[in-house]
Amino acid sequence: MDDKRKIPIIEWQDLDKRKFYVFGVLMTMAIRISVYPFTLIRTRLQVQRGKSLYTGTFDAFAKIVRAEGISGLYRGFLVNTFTLVSGQCYVTTYELTRQYVSRYSESNTVKSLIAGGSASLVAQSITVPIDILSQHLMVQGQAMGRFRETSRGRAAGTMGRAKDVVVEILRLDGPRGFYRGYAASLLTYIPNSALWWPFYHLYTGGC
């Protein structure tokens, strides 16, 4: 009896790259726009002391909109959109690594394990610095923020505020400040990615 679950694997060379990148970016952007306010709220709730500013998610939402307007829910969003690059780099690294490993092994498990781990390494190397900058912008000027918001930065908009944060991180922590938690991110995401893909191929009958 044939395994009805078996799904043909679409390799890198079979993809329409233009459609893949365009639709990938548009779809990811749409998702980011819808969930970013809750990411910002979560970040503020995590870094505040006790319940000094917000008592919960809905309280934070109401207070942010009242004090900062809808745009307050999107503080740091413009900077955060640069992580879209990491998503495309993830998939590209995954597919190219699979293609390279296929020269030495025909096993989808081996190819997916190595490619998944490599893709996550590349993606996190791009994402972590952007996330750190974005998270600082989310809380900048708030009581729980590490850096104050300058009038000059405020007048220059998002990129002006981002520049202020970059300068402060470099002044206090040096370049390593952009990679705080990098090792923890790698230990979280590399095993997850390296194991997810082999199990995916096992489930679809592609191993």
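Helix packing and the largest pocket

H5 gives the most to the lining of the largest pocket in this predicted model, with eight residues.

Q: How many residues line the largest pocket, and which lie nearest its centre?
A: The lining has 24 residues, and Arg32, Thr83, Ser86, Thr127 and Asp131 lie nearest the centre. The space in this pocket is about 770 Å³.

Q: How do the residues of the lining of the largest pocket divide into nonpolar, polar and charged?
A: Seven are nonpolar, 14 are polar and three are charged.

Q: Why are H5 and H8 called roughly antiparallel?
A: Helix H5 (residues 108–139) and helix H8 (residues 182–203) pack at an angle of about 150°. Angles over 145 degrees count as roughly antiparallel, and H5 and H8 are therefore given that name. Their axes are 7 Å apart, and their crossing is right-handed.

Q: Which residues of H5 and H8 meet?
A: On the H5 side they include Asn108, Ser112, Gly116, Ser120, Gln124 and Val128. On the H8 side they include Tyr182, Leu186, Tyr189, Ser193, Trp197 and His201. By class, the contact of H5 with H8 has eleven nonpolar, eleven polar and no charged residues.

Q: Which residues make the contact of H1 with H4?
A: H1 brings Phe20, Tyr21, Gly24, Val25, Thr28, Met29 and Arg32, and H4 brings Leu84, Gln88, Val91 and Thr92. These residues divide into six nonpolar, four polar and one charged. Arg counts as charged, and the charged residue of this contact is therefore Arg32.

Q: How do you know that H4 and H5 are roughly antiparallel?
A: H4 and H5 pack at an angle of about 150°, with their axes 8 Å apart. The cut-off for roughly antiparallel is over 145 degrees, and H4 and H5 therefore meet it. H4 passes H5 in a right-handed crossing. The contact of H4 with H5 has eleven nonpolar, nine polar and two charged residues.

Note on methods:
Residues numbered from 1 in each chain as written. Predicted model: local features only at pLDDT ≥ 70, side-chain atom pairs only at ≥ 80, totals over all residues. Heavy atoms only, no water. Axes fitted to C-alpha atoms, helices over the stretch in contact; angles between N-to-C directions. Helix = DSSP H or I, 4+ residues; strand = E, 2+ residues; numbered from the N terminus. Parallel < 35°, antiparallel > 145°, perpendicular 65-115°, else oblique. Left-handed = near helix turned anticlockwise from the far one by under 90°. Contact = heavy atoms within 4.5 Å. 1 Å grid on protein atoms, 1.4 Å probe; cavity = no way out; pocket = protein on both sides within 12 Å on 5 of 7 lines; lining within 4 Å. Points joined across faces, edges and corners; volume = space filled by probe spheres on them.
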